[in-house]
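Subject: Structure handover and notes

Hello,

Here is the structure I said I would pass on. Please open it next to this message and follow the notes below.

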Amino acid sequence: MCGRYAATAGPDDLVEEFEIDVDRTGDPARSLLKSPQDPPPGRPDHNMAPTKQAPVVLTRASKDEPGDPLRQLRLLTWGLVPSWAKETKVGLRMTNARAETVLEKSSFAKAAASRRCLVPAAGWYEWQVSPVATDAKGKPRKQPFFVHRGDGADLAFAGLYEFWRDRAVADNDDPDAWLTTFTIITTAADPGMDRIHDRQPLVLEPRDWARWLDPTLTDLAEVGEMLAFAQPGRFAAYPISTAVNATRNNGPGLLTPLPESELVGVVDPETGEIHGGQDG
C-alpha cells in the first residue's frame, strides 16, 4: 500500500518537469480538512497524507478554453470519492487501488478507462514489520523507510481521479459544490523492496506519461498493459526516524537516514541482513 509520501516539488518545477499546459493549482477547491492544511496545498509537503490536497497531473479539456484536451496541474484531495457516493468518508477507504483488479472494481473501473492521472512525488514511506524485535507492548516493531529512485529522479505514481457533486450546494459554480479526488495505484513490490512491504505504488516512466494521461485512450487492453508495468531495480530505500509516523511532523528532516546504531531488528532490503538484533 501507499499511505504516505513526500511531495517536495513546487508548482513551478512541476509545470516544467511534466510539460504542463495549464497550471490550475491557484483555483479555489473544496477541502475535507477541518483545519487549514499545513504546509498549505501546493507547497512542498514531506509528509503527504490521505485527505490532504496534493498536486496531480491530468489531461482534460478546459471549460474556459474549449478544444483539445490540455495537460493540467491541479490540487486534488487524496482518497477517491466516486461520483455515485452518498458521502465523502468513502474516500478514506480508497486511497489506493490495486493494479491487478482496478479494471474490474466498480469503484475504479470508469476512472481507469478515462480519468487517469499522475501523482508527482520524491518518494514514499513504508513501514517494515520486524521479524525479530518487539515494541514495549510486545508487538513487532515497525520501522519506517523512505523509498526513492536510485538515480535521484522524481517519481510519477499512476493514479485515477473522480468528481463528486455535493447536492446540498445549489450553485453549480460554487467551488464547494464539487470535490475532486484521486487514488494511487499499487502493484506487487519489486524484489528487495518486498523486504519492506509486499506492495508499492505503480511508478510509470516518462515515455508512458502521455499515453497514461490520454483521456481518449479507452482500450482497456492497452490500459491493462500499463497497469502490468514492472521494472525492478529502479528503487532504493533506507530507514528513517519514526517522526514520520505523526502527520503533524513535516520538513526535509524526515528524509534523514537513521544511523545504523539506532536500528533495532531492521532487515536490509538489499541484502536481507538484520541490523540491530532484538535488543538494538
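Contact here means heavy atoms within 4.5 Å.

Some ground rules. The model is predicted, so local features need pLDDT of at least 70 and side-chain atom pairs count only at pLDDT 80 or more, while totals for chains, interfaces and linings use all residues. Residues are numbered from 1 along each chain as its sequence is written, and side-chain values use heavy atoms, with hydrogens and water left out.

The cores

Trp212 is one of the residues that touch the most other members of the largest nonpolar core, which has 34 residues. A nonpolar core is a set of buried Ala, Val, Leu, Ile, Met, Phe, Trp, Tyr and Cys residues joined through side-chain atoms within 4.5 Å. Buried means under 20% relative accessible area, exposed means over 50%, and partly exposed is in between (1.4 Å probe, protein chains only).

At least two residues of this core come from each of helix H2 (109-114), strand E10 (155-165), strand E11 (178-188), helix H3 (209-213) and helix H4 (220-227). E10 gives the most, with four residues. Helices (H or I, at least four residues) and strands (E, at least two) are DSSP runs, numbered from the N terminus. There is also a second, separate core of 30 residues, and its members include Cys2, Cys117, Ala189 and Met193.

Strand E10

How many of the residues of E10 are buried? The count is 11 of the 11, so the strand is largely enclosed by the rest of the structure. In a regular strand the side chains alternate between the two faces of the sheet. In E10, Leu155, Phe157, Gly159, Tyr161, Phe163 and Arg165 point one way, and Ala156, Ala158, Leu160, Glu162 and Trp164 point the other way.

Two strands pair if DSSP finds at least two bridges between them. E10 pairs with E7 in the antiparallel sense over six bridges, and valine 119 has phenylalanine 157 in E10 as its bridge partner. E10 and E11 also run antiparallel, joined by seven bridges. There, glycine 159 stands opposite isoleucine 184 in E11.

Helix H4

The buried residues in H4 include Val223, Met226 and Leu227. Viewed down the helix axis, the buried residues of H4 fall within an arc of 105 degrees, so they line one face. That arc is taken from the directions from the helix axis to the C-beta atoms. Ala221 and Glu225 are exposed, on the face turned away from the buried side of H4. The cover over the buried residues of H4 includes H2, strand E7 (116-121), E11 and H3. At the N-terminal end, aspartate 219 caps H4, with a side-chain oxygen 2.9 Å from the backbone nitrogen of alanine 221.

An open sheet

Five strands form an open sheet in the order E3-E1-E8-E9-E13, with antiparallel pairing. Strand E3 (45-48) and strand E13 (235-239) are at the edges with a single partner strand each, so one side of each has no neighbour in the sheet. Within this sheet, strand E1 (residues 5-7) and strand E8 (residues 123-134) pair over two bridges. Tyrosine 5 stands opposite tryptophan 124 in E8.

Loops

Most residues other than glycine have a negative phi, and most peptide bonds are trans.

- The peptide bond from aspartate 38 to proline 39 is cis, with omega near -5 degrees. Proline 39 lies in the loop between strand E2 (22-23) and E3.
- Glutamate 19 has a positive phi of about 50 degrees. This residue is in the loop between helix H1 (11-17) and E2, and is exposed at a relative accessible area of 58%.
- Threonine 51 has a phi near 80 degrees, also a positive value. Threonine 51 sits in the loop between E3 and strand E4 (53-60) and is partly exposed, at 21%.

Finally, leucine 92 is in the loop between strand E5 (70-78) and strand E6 (96-98). Is leucine 92 buried or exposed? Leucine 92 counts as exposed, at 55% relative accessibility.

Regards

Conventions
A polar contact is a pair of N or O atoms within 3.5 Å; within protein, one must be able to donate a hydrogen and the other to accept it, and residues adjacent in sequence count only if both atoms are side-chain atoms.
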